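Take a moment to look at the sequence and the fold together before reading on. The paragraphs below begin with the aromatic rings and then move to the strands, the helix and the charged side chains.

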Amino acid sequence: MNLNVLAEQDLSCTLEDIDNGFAREFTLYDTKNASYELCGIINDISLVFDTEGNAISGRAITISYRLSKLVDSSGNYIRPATGWQAAWLDMSGNEVKAFVRDFNPDRRLGIGLLVLDLEFGKSGD
């Protein structure tokens, strides 16, 4: 079997295993309020680095998910756009909502990376 095909199939374990892995369920909303229920790895880091490499207080939120789980009726990948919103429950059971700032697909491995922002889009950005 081709290693690329095998790697994409393995994503069900690495990105979508809620019971034995780090996967979490989340909902993605487009700008027309259509929603997509997905699973992925959610990173919500509260420490970032400035341009000189110093650790500073900040927040970096990303979600990695399996591209093949977000397709249209023709089987084409749906590309999340700036301003879409993601919602999930944190470890305490509180709902977190964040806006998509950027989308970086890795089509070779079949992974989509959403870069999120808590404030983006609130004031019409």
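A search of the whole structure, which is a predicted model, finds three aromatic pairs, where rings of Phe, Tyr and Trp (its six-membered ring) pair if their centres lie within 6.5 Å, and where planes under 30 degrees apart count as stacked, over 60 as edge-to-face and the rest as tilted. One of these pairs joins Y36 and W84, whose rings are stacked, with 5.9 Å from centre to centre and 5° between the planes. Because Y36 belongs to strand β2 and W84 to the loop between β3 and β4 (85–89), the pair ties together parts that are 48 residues apart in sequence. Helices (H or I, at least four residues) and strands (E, at least two) are DSSP runs, numbered from the N terminus. W84 is buried, with a relative accessible area of 8%, whereas Y36 is partly exposed at 22%; here buried means under 20% relative accessible area, exposed over 50%, and partly exposed in between, with a 1.4 Å probe and protein chains only.

The rings of Y65 and F103 have their centres 6.5 Å apart and their planes at 25°, so this pair is stacked. Since Y65 lies in strand β3 and F103 in strand β5, the pair ties together parts that are 38 residues apart in sequence. Y65 has 0% relative accessibility and counts as buried, and F103, at 5%, is buried as well. Ring pairs also bring in F26, so that F26, Y65 and F103 are linked into a cluster.

As for numbering and method, residues are counted from 1 along each chain as its sequence is written. Because the model is predicted, local features need pLDDT of at least 70 and side-chain atom pairs count only at pLDDT 80 or more, while totals for chains, interfaces and linings use all residues, and side-chain values use heavy atoms, with hydrogens and water left out.

S64 is found in strand β3 and, at 15% relative accessibility, counts as buried. Contact means heavy atoms within 4.5 Å, and, not counting residues up to four places away in sequence, S64 touches L15, C39, G40, I41, I111, G112 and L113.

Side chains of opposite charge can pair when their charged atoms come close. A salt bridge is a side-chain nitrogen of Lys or Arg within 4 Å of a carboxyl oxygen of Asp or Glu, and by this rule the count comes to three. E16 and R66 meet in one of them, at 3.2 Å from N to O; the pair links distant parts of the chain, with E16 in the loop between α1 (3–14) and β1 (24–29) and R66 in strand β3 (residues 55–66), 50 residues apart. E16 is buried at 17% relative accessibility, and R66 is buried at 11%.

The side chains of R59 and D44 form another salt bridge, at 2.6 Å from N to O. R59 lies in strand β3 and D44 in strand β2 (residues 35–49), so the pair ties together parts that are 15 residues apart in sequence. R59 is partly exposed, with a relative accessible area of 46%, and D44 is partly exposed at 33%.
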